[in-house]
Amino acid sequence: MYKFSINQELKKALVFFAIILLSMISMVTVSEIYKSNANDKNARTVGEMRSWRNKIEVANRNNQMLVQHEDTFKKLKDKFVIGDENRLSWVEVVQKVADSRRIASVKYNIASQVLLDKNSLDKKYAGIDVFKSVMSLEMKFIHEGDLFVMLNALRDEAKGLVAVDKCDVELINKNVNDGIIGENITDNMRAYCELSWYTLKKSDNG
Amino acid sequence: MIGSGMKRIFYFSGHRMTVFHWNRKTLSGACSFESNVEGYDKFKQYLESSEKATTCMMLDVIEEDFRKDVIPHVYGKDRKAVISRLMDRYFRSSRQYTYSEIQGRQKQGRKDDEVLLAAITNPELVRAWIRIIEECDVPLSGILSLPLVSKTILPIIGAKKGYVLLVSQQVNSNLRQTFFKDGKMVSSRQSVINQDAENISNIGQYARPEVERTITFIRSQFQLEDDVINVHLLGSDAQIDSLESTFLSDLSNIYQVHRIKDLNHKLGITGLPDRFADGLFAWLALNRSGMTGHYGRKQEFVRFYYALASNALYASSVIVILVSLLLIESNISDGISYIESTNLLQKRTAEFRRVYNEKYQAYEELFSNAKLMDMAVGMVEQIETNSQITPLDFMLALSKLVSNPQIGRIYIDKIEWSTRQMDETNRTRSRKKPDVEVKYKPTNVTSSSEVQHVAIVTGRIPVTSNNYRESVNRINNIITTLNSSDRVENVSAINLPVEVRPEKKFASETRALSDSEKDEQSNKGGQFSLKVVMKAPEHV
């Protein structure tokens with residue numbers, strides 16, 4: 001019976017192969033690590049470079065925005081749209097129109113300023129707090145033109161940003177429709193309107 | 001010693017073991033060992049002193065027998081079993097030194113396979129030498145049969161087709177005759193001749209009777225009475241004259257004599273003595289294609305397999321080194337590229353940083369407000385746009401509509417004006433499903449959704465006493481006229497002077513009236529309330 005055994009030559013070849021294999025694996029691994037480290041550093045540098053490039057691009061964009069909106073923004077601040085509201089200006093305009101148009105009765109009421117719910121605003125305005133003050137205006141006047149002069153004056157002359165929410169206009173003197181106007185009549189019509197004054201401020205987390 | 005490029009072969013002729021050393025195509029040396037104790041010792045000394053290079057052994061012995069037989073056409077294990085039974089029957093004592101070769105199929109009958117069986121009838125003759133080879137740890141790659149190898153010479157001498165009898169002499173005392181049919185070996189025999197070792201020029205007279213005897217045997221054995229047999233004789237320069245004068249062709253036997261020197265030249269081998277053909281066959285055996293030997297036990301070749309495995313491992317090592325070097329080179333090249341790229345990127349980064357620090361860093365705080373400024377301006381623009389939907393706009397539009405002569409006289413007593421805004425979330429859904437109702441919500445002036453006027457308009461129309469149909473017609477006419485306007489989205493009735501709608505209650509009184517009562521009723525009666533929804537002006 002032949003006895004199986006690995007001969008010396010094969011043993012030598014096996015050992016040689018094993019040594020070569022291990023040493024080559026080691027060398028390849030070392031070269032892989034070298035490549036990987038170089039690649040990582042390269043990737044980090046690419047990231048850093050992009051970050052600086054982006055900063056410059058963002059700064060450029062911001063600069064353009066500043067140039068574009070600087071004047072408008074300044075006007076809005078002067079008009080008390082941005083910052084604190086200027087109620088006195090509104091009242092002055094109301095009184096001025098009432099006097100100049102000789103409006104029989106003008107009653108007004110300004111409610112406390114409230115902060116609008118963030119959820120009701122578009123997400124793109126997340127950095128801004130929007131405040132609203134509701135002004136109710138009750139008038140008695142001869143002609144509907146008086147009402148519109150009042151509303152236009154508030155919009156154009158008063159310091160602030162206003163929008164009319166609702167307006168009820170009623171004819172008191174039904175004879176007007178038939179062209180009969182009394183000599184001392186001062187209040188053919190009455191109106192009740194609600195206006196909202198908006199002011200904008202930078203949000204605390206904006 | 002056997003250096004690189006050197007090959008050797010053991011050639012055993014039965015009486016003597018000859019070792020041929022080849023350096024590429026040149027015979028660089030040969031040595032012989034007699035089959036006796038002294039020869040064995042010398043052979044052992046030779047093997048121990050020489051490099052243990054892989055060597056094959058070729059046998060040209062009289063103790064080799066050939067048989068042609070047929071077996072059923074089967075494959076695999078069945079074929080092996082059938083052949084094994086044949087070997088047991090014919091060569092029981094030879095077992096490990098047998099060889100079989102399927103040479104084709106019969107064309108008629110059962111179409112059985114034709115098989116050539118070969119065996120060394122006295123294996124101990126060979127084993128004595130193999131034991132020495134094993135003791136000396138020399139890898140033996142195979143044990144070959146000269147008759148089986150000799151078919152490789154047929155293309156060289158132009159004898160691939162027909163019946164061919166190849167006659168050659170490897171030692172002075174023997175004559176080898178191998179018979180082929182269409183290039184396939186059929187039988188072979190070695191016959192002893194009493195030729196003088198010194199004078200081989202009279203080979204003709206010794207060979208002729210043997211060849212004639214063989215041809216007679218072949219013709220009777222294989223029924224070749226009418227067929228031509230091509231007899232090819234190999235001879236040295238000294239033998240050519242004798243062979244050519246002795247073997248003269250006739251109608252049934254064609255003799256061709258080949259000079260060994262010419263064949264060597266044809267094969268490009270040099271350094272061979274042309275006395276006999278042993279060197280020529282040794283070369284053919286050494287350069288045969290494939291690794292399969294003809295005889296021997298597996299254990300006899302285990303050193304060869306080890307040597308093969310060792311060589312494979314060395315070759316693998318070289319491949320591993322080459323592949324690794326390629327990978328290393330690739331990795332290092334990539335690494336260097338990355339480093340170079342990193343250096344360039346660092347320079348660019350430094351430049352970006354410098355530009356930013358010089359131009360923009362001082363304004364960082366200012367820039368932080370730019371977006372806020374953009375947002376604020378955008379929002380104010382949106383509020384201003386939506387605030388253009390005013391009661392004045394509505395009243396002007398309504399006034400224009402009711403001035404239409406088709407409507408006739410109408411009194412507007414009260415307008416309750418407000419706005420509404422389309423719910424964009426519902427609108428998105430409604431685009432996907434057109435049948436979903438569009439929904440509205442209270443106006444949010446910061447939103448860019450469409451804003452519409454909504455007003456309850458209360459008024460009067462002059463009515464004729466007890467003429468309900470005219471009142472209904474006028475109101476319907478007003479609603480239709482308002483609805484026909486591009487600005488008006490929808491007009492719906494809330495209260496009508498004459499309620500003929502099934503969901504409403506209606507009560508009235510019919511009696512005779514004076515003229516003044518009729519005028520009063522005309523002014524006071526005919527009251528209505530309409531809900532008018534109007535679109536924003538086009539410029540908004």
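**Entry 1: chain A as a whole**

I began with chain A, which has three helices and five strands. The model is a predicted one, and I kept that in mind throughout. I then read along the sequence and wrote down the pattern of chain A as α-α-β-β-β-α-β-β. Next I looked up burial: of the 206 residues of chain A, 24% count as buried. I also checked contacts in chain A between residues at least 6 apart in sequence, and found that 73% of them join residues at least 24 apart.

**Entry 2: two helices in chain A**

How do H2(A) and H3(A) lie relative to each other? I found helix H2 of chain A at residues 87-101 and helix H3 of chain A at residues 144-156. Their axes come within 9 Å and cross at roughly 150°. Angles over 145 degrees count as roughly antiparallel, so H2(A) is roughly antiparallel to H3(A). I noted the crossing of H2(A) and H3(A) as right-handed.

Then I listed who takes part. H2(A) brings Trp90(A), Val93(A), Val97(A) and Arg101(A) to the contact. From H3(A) come Asp146(A), Val149(A), Met150(A), Ala153(A) and Leu154(A). I sorted the residues of this contact into seven nonpolar, no polar and two charged.

**Entry 3: two helices in chain B**

I turned to helix H6 (residues 203-221) of chain B and helix H7 (residues 237-246) of chain B. They pack at an angle of about 45°, with their axes 8 Å apart. H6(B) and H7(B) are therefore oblique to each other. Their crossing is right-handed.

Which residues of H6(B) meet H7(B)? I wrote down Ile203(B), Gly204(B), Gln205(B) and Arg208(B). On the side of H7(B) they meet Gln239(B), Ser242(B), Leu243(B), Ser245(B) and Thr246(B). The residues of the contact of H6(B) with H7(B) divide into two nonpolar, six polar and one charged.

**Entry 4: where the chains touch**

I moved on to the contact between the chains, where 63 residues of chain B are in contact with 68 residues of chain A. Which element of chain B gives the most to the side that touches chain A? I found that H10(B) does, with 30 residues. H10 spans 302-359 in chain B. Helix H11 (364-386), helix H12 (391-402) and strand E14 (411-422) of chain B also each supply at least two residues. I divided the residues of this side of chain B into 35 nonpolar, 18 polar and 10 charged.

**Entry 5: following strand E14(B)**

I followed E14(B) across to chain A, where five bridges join strand E4 (residues 161-171) of chain A to E14(B). The two strands run antiparallel. One pair I looked up is Lys166(A), whose bridge partner in E14(B) is Ser418(B).

Within chain B, E14(B) is joined by 10 bridges to strand E16 (residues 451-460), and these strands run antiparallel. Here I noted Tyr411(B), with Arg460(B) in E16(B) as its bridge partner. I carried on from E16(B) to strand E18 (residues 527-535) of chain B: nine bridges join them, and they run antiparallel.

Technical notes:
Residues numbered from 1 in each chain as written. Chains lettered and ligands numbered in written order. Predicted model: local features only at pLDDT ≥ 70, side-chain atom pairs only at ≥ 80, totals over all residues. Axes fitted to C-alpha atoms, helices over the stretch in contact; angles between N-to-C directions. Helix = DSSP H or I, 4+ residues; strand = E, 2+ residues; numbered from the N terminus. Parallel < 35°, antiparallel > 145°, perpendicular 65-115°, else oblique. Left-handed = near helix turned anticlockwise from the far one by under 90°. Contact = placed C-beta atoms within 7 Å. Nonpolar A, V, L, I, M, F, W, Y, C, P; charged D, E, K, R; others polar. Pairing = 2+ DSSP bridges. Buried ≥ 20, exposed ≤ 12 C-beta atoms within 10 Å, placed from the backbone.
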